[in-house]
Amino acid sequence: VAQAYVNQRKLDHEVKTLQVQAAQFAKQTGQWITMVENFNQALKEIGDVENWARSIEMDMRTIATALEYVYKGQLQPSCS
């Protein structure tokens, strides 16, 4: 009976230790999830900036082409 009592106390102690460790692991896992979500959001924002830059670049090329066309048109002598 004494040995069973000692074993039960050891088991109780191990259960408490396991509960504490599980809670710490759950907290750490939550922090990791938050970090991954923040990283994913940052990647999305970088993608948004990249798309915006491409759009601006295309607009600027269109404007440059139009200005070049107008400039070249002004250099040619008009037929009157």
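Visitor: Why is E57 called partly exposed?
Guide: E57 has a relative accessible area of 40%. Buried means under 20%, exposed over 50%, and partly exposed in between (1.4 Å probe, protein chains only), so E57 counts as partly exposed.

Visitor: What are these values based on?
Guide: This is a predicted model, in which local features need pLDDT of at least 70 and side-chain atom pairs count only at pLDDT 80 or more, while totals for chains, interfaces and linings use all residues. Residues are numbered from 1 along each chain as its sequence is written, and side-chain values use heavy atoms, without hydrogens and water.

Visitor: What makes the contact of R61 with E57 a salt bridge?
Guide: Their closest N and O atoms are 2.7 Å apart. A salt bridge requires a side-chain nitrogen of Lys or Arg within 4 Å of a carboxyl oxygen of Asp or Glu, so this pair qualifies.

Visitor: Why is R61 called exposed?
Guide: The relative accessibility of R61 is 55%, which lies over the limit for exposed, so the name applies.

Visitor: How do you know that R61 and E57 are separated by about one helical turn?
Guide: They are 4 residues apart in helix α1. Helices are DSSP runs (H or I, at least four residues; strands are E, at least two), numbered from the N terminus.

Visitor: How many salt bridges does the whole structure hold?
Guide: The search finds 3. Among them, E50 pairs with R54 at 2.7 Å between the closest N and O atoms, and K72 meets E68 at 3.1 Å, N to O.
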